[in-house]
Amino acid sequence: MNLRVSTFCIVYLAFSLFAFSQQKFTLSGTVLEVSSNETMIGVTIGFPDIGTGVTTNEYGFYSITLPEGEYQIQINYLGFQNQVQKINLAEDIKLNFLMVEEVEQLEEVILTDNNGKLDIRKPQMSVNTLAIETIKKIPVIFGEADVIRSILLLPGVTNAGEGASGYNVRGGAVDQNLILLDEATIFNSSHLFGFFSVFNPDAIKDIKLYKGGIPARYGGRVSSVLDIFQKEGNSKKLGIKGGIGAIASRLLVEGPIKKNQAAFLIGGRASYAHLFLPLFDNDNTVYFYDLNTKLNYKLNANNNIFLSGYFGRDVFGISDSFVNTYGNAVGNFRWNHLFSDKLFSNLSLIYSDYYYGLKLDFVGFNWNSGIQNFNVKYDLKHYLNDKFQINYGINTIYYQFNPGEIEPSNLNSGILEEQLMQKYANEFAAYVDVAHTISDALSLGYGLRFSYFNRLGQDELNVYENDNPVDFNTALQIYQEAKPIRTIRSGRNKSLARFNTLEPRISLSYILNQNSSFKASYIRLAQYLHLISNTNSPTPLDVWTPSGPFIKPQLLDQYALGYFKNISEGEYALETEVFYKDLQNRIDYIDGANLIANEAIEQVILNGKARAYGLELLLRKNEGRFQGWLAYTLSKSEQKTPGRNFGETGINSGKWYNTPYDKTHDFSLYASYELNTKWSFNTNFVYQTGQPTNYPIGQFEFQGVTVPYYGFRNQERLPNYHRIDVSATMTPTKNLNKKLKGEWVFSIYNIYNRKNAASISFSRNQDTNMNEALRTAIFGIVPAVTYNFKF
């Protein structure tokens, strides 16, 4: 008996000692920028002795649980001084870090200690980030720093050309990109029809573009996610910055409401080129303006609240007879709560509105349309230990679609007021996302998103024979609009159609050696909204419509493989990826489709499919006076809309055809050289395969009129696109000891004056009576000067 008791005591004591020796504690806190108390996203808190670490989330918070012991911590972030600190982790510790911006020395302008080193261990792939300071250096048209123009220099990202709105990612359409500003959806990212983006660079803190491997917390679009966060405001001191350019100027003011506890930010931009038009006897109008605002308040150590907003408008008018006005308005209230040092939560209440309207005095009516949504999100991040993190949450979005409202502009116009059928929908989603380190070599990211879309009732809905809103005329071999056999009325509390989708996400990283890794990912995404547009680039008149009885949601499966390598201790980084995208239910339009003010848009739509595949290469130089990157994409993007049965031809005879945004080759080069603290130089070169288009392949005479006819869709291409941009930034040395600091930016867009074709049209020369092609180019060479300041 005594032997048994003694044995038990020994075993118990040994187990207790083992358990005690394995006791774990949590290190958590927030990383802040020392001069402003601005929280910092994506800062690496590394533990080099044990080969693990963690990065800060969207609100600067981090948490990691490790066995008891002494550790050396390294805190790294691009453009900031590295920090090294030792801690004794014998209890739970809350530790905040203050980061100091890297100071450039006159004789040596170098980023040290591999701040730009590629993270080869994380399973996350197909993601690009750009520092806002890099964006401000990139030469762009009119000299105005531009977020959207900058991401076009990354692999897999293109657009429809100069003056085109939006962007295309890996062969996807513009409407397939989810653009978030402080979590609020931006439906149109462009000012002045694509010449500027809606994002004020002075107000932006962080930019991240997901092209693949998209985490389960994101959904609703099938091509990419552009996640942008605004600055929170300086809670230490008042600061003012801005810029004066040839076309537009900007001003931003930030400062404390209550020092170290509450802060505000307000920034505005406006263009003013239209003010000079009267000097040339031109009474047209074209301008934009926008406003960014943000308030933050730290209630206590565990609670923070944020209130942010954006409002922007574009106005384009021809005399007073035609005025086009459009823009976004968003607002967001967020509450961060820390349940414990391992559990972080965020509640968001979000409003988003996109308005587009026309004033048409010459025909006597005004046109108003738009889309609104109200979004409630609740997200939690659970830092269980250094090997396992789980994120989960829910969100629900209520949509209201206004396809168009016509109202008379005056009492004598003779126009009757009319409201096109408004549409309503609700989208719900729940997700779980896991980051799991299996071993020193293998890391996984996996998750599942469940999305549910409910198309709500509306005042009237057409009913068609055999539920088929599009007829096929076998005699003429063309598609035609079907005639409704009746209409039904349903209240908004009824459901017209319901869709639900399980969206699995998985990615992995396998470490080959200390400098290289192999990564792979698979994602499924669902998109329930569609942009009704038959142009290569969105216009303010394009209409968003929800999935419903006749329009199915788009479903995407994307596969990606990649090889990632740090070269010369991180001085260079190489990223290579191949991808394949398979898309179901991509809408296309019958020939001759009328999309504007169409009450029954389902009568001109057919559901098809699309695919895209390609290779992406990105080589970065991260250190030294000379920095930059080289990006190349080889890809194919195609669409197919076969007949619904053997008797129908489908679109393009049911064959695959190039999408309007297919670019076989896309090459871009960006380079930056710091000569000294006074002068820096930047350049970029862009080369792209010409955009697909249609040229006439013949003509015939009908009643004395020459009529061209065309072959298969998008068989031809515009000439290849290329240009070089350069800029030089001069920072006066007297800035060093002054509160007011300024810099001059001299830039030249398209330095060799390439006349890149925006379109090619055909007409008959009246003198020679011969057909000829006419190239339309938007820009040649464009010099610009901008003065930036801050104090």
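**Cores.** I began with the largest nonpolar core, which has 44 residues. Tyr167, Phe199, Leu226 and Trp629 have the most contacts inside it. For the record, a nonpolar core is a set of buried Ala, Val, Leu, Ile, Met, Phe, Trp, Tyr and Cys residues joined through side-chain atoms within 4.5 Å. Buried means under 20% relative accessible area, exposed over 50%, and partly exposed in between, with a 1.4 Å probe and protein chains only. Among the elements that each supply at least two residues of this core are helix H2 (132-137), helix H3 (147-151), strand S17 (224-230) and strand S41 (626-640). I also found a second, separate core of 20 residues, which includes Val43, Ile64, Tyr71 and Leu89.

**Ground rules.** I am reading a predicted model, where local features need pLDDT of at least 70, side-chain atom pairs count only at pLDDT 80 or more, and totals for chains, interfaces and linings use all residues. Residues are numbered from 1 along each chain as its sequence is written, and side-chain values use heavy atoms, with hydrogens and water left out.

**Whole chain.** I counted three helices and 53 strands in the protein chain; these are DSSP runs numbered from the N terminus, helices being H or I with at least four residues and strands E with at least two. The radius of gyration is 28 Å, close to the 28 Å from the globule rule for 791 residues, so the chain is as compact as a globular protein of that length. That radius is taken over C-alpha atoms, and the rule is 2.2 Å times the number of residues to the power 0.38. Of the 791 residues, 52% count as buried.

**A sheet.** Next I traced an open sheet of five strands, with mixed pairing and the order S9-S16-S17-S12-S13. Its edge strands, S9 (127-129) and S13 (184-185), each pair on one side only. Two strands pair if DSSP finds at least two bridges between them. S9 and S16 pair in the antiparallel sense over three bridges, and Val127 has Tyr210 in S16 as its bridge partner.

**Rings.** My search of the whole structure gave 32 aromatic pairs. Rings of Phe, Tyr and Trp (its six-membered ring) pair if their centres lie within 6.5 Å; planes under 30 degrees apart are stacked, over 60 edge-to-face, and the rest tilted. Tyr77 and Phe80 make a tilted pair, 5.8 Å centre to centre with 55° between the planes. In Tyr464 and Phe550 the centres are 5.4 Å apart and the planes at 80°, so that pair is edge-to-face. Both partners sit in loops, and the pair ties together parts that are 86 residues apart in sequence. Tyr464 is buried at 2% relative accessible area, and Phe550 is buried at 18%.

**Charges over rings.** Which ring does the charged end of Arg620 sit over? I found Trp629 there, with its ring centre 5.3 Å away. Lys519 lies over the face of Phe564, 4.7 Å from the ring centre. The test is NZ of Lys or CZ of Arg within 6 Å of the ring centre and within 35 degrees of the ring normal.

**One residue up close.** I finished on Gln558 in strand S38, which is buried at 2% relative accessible area. Not counting residues up to four places away in sequence, Gln558 touches several residues, including Arg170, Ser521 and Phe579; contact means heavy atoms within 4.5 Å.
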